[in-house]
Amino acid sequence: FSGVLAEDVLRALLELQDRLAATTAWAPGAGRNVTLQDVCYAPLNPTQPGVGDCAVSSVTQYFQNNGTRLALTAPQEDGKDKGTVDWHDHLIYCVNSPLSFKDITALELSCMAAYGGP
């Protein structure tokens with residue numbers, strides 16, 4: 001993997017998303033600061049959404065926007081072949097099976113987004 005799918009780029013994207021999620025802006029018509037929760041699409045919690053409920057489409061959602069999950073590795077054995085699985089394997093699995101609640105790697109991570117959808 002290279003380019004936009006390099007680990008350092010994904011980590012920078014996670015950091016940018018965190019900064020954007022924490023951004024506020026003054027809304028003169030409302031007379032208050034507004035945040036992402038005030039304007040986001042939150043299909044599974046539309047009445048009182050938190051930042052984690054917002055349907056943000058990003059490749060990092062395959063890791064639930066969690067840098068710790070992105071860093072995970074696990075030993076895996078497939079018959080006589082032994083190796084280590086990491087974020088590359090999870091991403092490939094999720095691109096092919098985005099509705100999976102648990103990948104088939106030793107990581108056993110969900111492909112579902114942080115907000116609960118695909």
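Cys54 is buried, at a relative accessible area of 2%; here buried means under 20% relative accessible area, exposed over 50% and partly exposed in between, with a 1.4 Å probe and protein chains only. The model is predicted, so local features need pLDDT of at least 70 and side-chain atom pairs count only at pLDDT 80 or more, while totals for chains, interfaces and linings use all residues. Residues are numbered from 1 along each chain as its sequence is written, and side-chain values use heavy atoms, with hydrogens and water left out.

**Disulfides**

- The chain has two disulfides, where a disulfide is a pair of cysteine sulfur atoms within 2.5 Å.
- Cys40 is joined to Cys54, with an S to S distance of 2.1 Å, and a value of -70° about the S-S bond makes this link left-handed.
- Cys40 and Cys54 both lie in the loop between helix 2 (36–39) and helix 3 (67–71), 14 residues apart; helices (H or I, at least four residues) and strands (E, at least two) are DSSP runs, numbered from the N terminus.
- Cys94 is joined to Cys111, also with S to S 2.1 Å.
- The disulfide of Cys94 and Cys111 is left-handed because the torsion about its S-S bond is about -80°.
- Cys94 belongs to helix 4 (residues 87–96) and Cys111 to the segment after helix 4, so the pair ties together parts that are 17 residues apart in sequence.
- Cys94 and Cys111 are both buried.
- With bonded cysteines counted along the chain, the disulfides follow the pattern 1-2, 3-4.

**Strands 3 and 4**

- Strand 3 (residues 74–78) pairs with strand 4 (residues 81–85) in the antiparallel sense, over five bridges; two strands pair if DSSP finds at least two bridges between them.
- Asp78 has Asp81, in strand 4, as its bridge partner.
- Two residues lie between the strands of this hairpin, and Gly79 takes a positive phi near 70°.

- Leu5 is found in the segment before helix 1 (7–21) and counts as partly exposed because its relative accessibility is 28%.
- Leaving aside residues up to four places away in sequence, Leu5 touches Leu10, Val59, Trp87 and Leu91, a contact being heavy atoms within 4.5 Å.
- From C-alpha to C-alpha, Leu5 and Thr68 are 17 Å apart in space, and they are 63 residues apart in sequence.
- An unreviewed UniProt entry places the feature "domain: L27" at residues 1–28; UniProt positions follow the numbering used here, feature names are shortened, and annotations may be inferred rather than shown by experiment.
- Residues 1–28 are 54% helix and 11% strand, with the end C-alpha atoms 45 Å apart.
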